[in-house]
Amino acid sequence: MNFKEKLSSAKEKTLPVILERAAKDDQYIVEGEQVRLAGEFYEKQLRIALKNYQIIDPLSIDEYIAFGGYFSLYKTIFEMQPGDIIQEMIDANLRGRGGAGFPAGWKWNTAYRYESDIKYVICNADEGDPGAYMDRSILEGDPHSVIEGMAICARAIGANKGYVYVRAEYPKAVRSLRHAIEAAKAYGLLGDHIMGSDFSFDLDVRLGAGAFVCGEGTALIQSIEGKRGMPQAKVYRTSERGLFDKPTIINNVETLANVAQIIEHGADWFKSIGTEDSPGTKVFALVGKVVNAGLVEVPMGVTINDIVYGIGHGAPDGKKIKAVQTGGPSGGCIPPELFDTQVDFISLSKIGSIMGSGGMVVMDETDCMVDIAKFFMKFTVDESCGKCTPCRIGNKRVLEILEKITSGKGEMEDLDLLRELCQVITDTSLCGLGKTATTPVISSMQYFLDEYEEHIQDQTCRASACQSLLKYIVLDKCVGCGLCKRNCPVHAISGEKRQKHEIDTNVCIKCDACLAACPVKAIVRK
């Protein structure tokens, strides 16, 4: 029995068990030999990277094989030459799903052309965007798709060693991944002489300490080498001189999860999905002020409206959506009038945002855009490695100006200084983290400048989110019960019994104790 027959035997044995199990569960829809998730949330999705997520047992290699797993690896070892694999990837135009969108096939081709005794394949699973959990979910729910993608890449470029760089704070993903690696080795799908061929490829896991900057390729390599994870000036591409100065391919989790299916179905199939420039699908973590939050995988080219309203069903409690922020801390804030924009690499860049790794945060009318910009800048300042001056000092100055504005001490001149600072930081920072760090500020000033001006000129925050600008007012319906007065920790409230009380705004510390105490809701924030 050759290895393809072994895989087929495992598939024939396991697939009926999965289909029978799924048929008995209302959360699944069985169509022939395929299973998909049931429910309105999934109807408008097209799942490629998430094809097996929540359907197979991630700890069972046989269940992965049952849905075609490792047949693509067999094909690349016994039926294709390395050059054929790379050409298929180039033809498919699979662009990196980690944010930059560089075509994976051309990246592989560069490493393929360099002669070296050792080459490496690295999976970048250092997902650190606030609210994003796309890569973590794939590693937890379908780790073999990433392993197979890495093995196919290794076969194409001639690599014999690979690493998955994953955050230590993802313990479930780490356990799932390590279990899958051991299962693949025991099955003869990793290690020496894979499937009885002359192709050998070993895989290991490296844990990151949670530094956001290690998502950048050169910093990630430094970390794997045991050094402090800091970006390096890119004298050479990593595909030429990367890990230990050897040709190295770095792709993120979602990119690699697409590889096996491209090999199985062909480049034309992949290009038939999405747009001409951005084929395939993209996974988003739809989070924030939205009714239906969760992982969403849709064809490239759908609009923001399709995702936020078609799948997410808009904001809860009848509130209006104010903006959507795409691309994580380095992404832009997009207003509702631009929600007809297609979600692809080029279209998002035209309106001042980025695809990023796939975070999509929905904000409603209770969110202050200046405060949102401050939140993302604080994250970036905390995560800066400190190597280059523009990022280390410039972003800190931007954050200080935003804090000044949200505390009611801003001046109109601060807006011009913000624009100038953001431009300098973008132009002169060393790595992608610094170059895109101020995107939330730039985009929010472009589309929500009136909120910045209100904070400065009117000393008000329309969303009542900036604590320093809040004003507490007692309405005429106050019954003079005195509960607010008794609960105020700084004695800022005065008034006689059964008469309307007053709040001394100069003494008030805006702790909300009076709001909680008032039985007739006669105190409001403005």
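In this predicted model, helix H9 is followed by Gly188, a residue whose phi is positive, near 85°. The helix itself spans residues 171–187 and, with 17 residues, reaches 24 Å from its first C-alpha to its last, close to the 24 Å expected at 1.5 Å a residue. Its buried residues are Ala173, Val174, Ser176, Leu177, Ala180, Ile181, Ala183, Ala184 and Tyr187, and what covers them includes helices H1 (3–23), H3 (61–66), H7 (134–141) and H8, together with strands S4 (161–167) and S5 (202–208).

Met195 belongs to the largest nonpolar core, which has 86 residues, and is one of the members that touch the most others, along with Leu7, Tyr70, Leu73, Trp108, Met150 and Phe201. The largest share of this core, nine residues, comes from helix H8 (residues 143–157). A second, separate core of 24 residues includes Phe284, Ala315, Val324 and Val362. In soluble globular proteins, nonpolar side chains tend to be buried together.

An open sheet with mixed pairing is formed by five strands in the order S8-S7-S11-S9-S10, in which strands S8 (294–299) and S10 (333–334) are the edge strands, each pairing on one side only. The pairing of S10 with strand S9 (residues 321–326) is antiparallel and extends over two bridges, and Gln325 stands opposite Cys333 in S10. Helix H13 (residues 304–311) lies across S7 (281–288), S8, S9, S10 and S11 (359–364), and runs at about 120° to S9.

How values were computed. Residues numbered from 1 in each chain as written. Predicted model: local features only at pLDDT ≥ 70, side-chain atom pairs only at ≥ 80, totals over all residues. Heavy atoms only, no water. Core = buried A, V, L, I, M, F, W, Y, C linked by side-chain atoms within 4.5 Å. Buried < 20%, exposed > 50% of the residue type's maximum accessible area, 1.4 Å probe, protein only. Helix = DSSP H or I, 4+ residues; strand = E, 2+ residues; numbered from the N terminus. Pairing = 2+ DSSP bridges. Contact = heavy atoms within 4.5 Å. Axes fitted to C-alpha atoms, helices over the stretch in contact; angles between N-to-C directions. Expected span 1.5 Å × (residues − 1).
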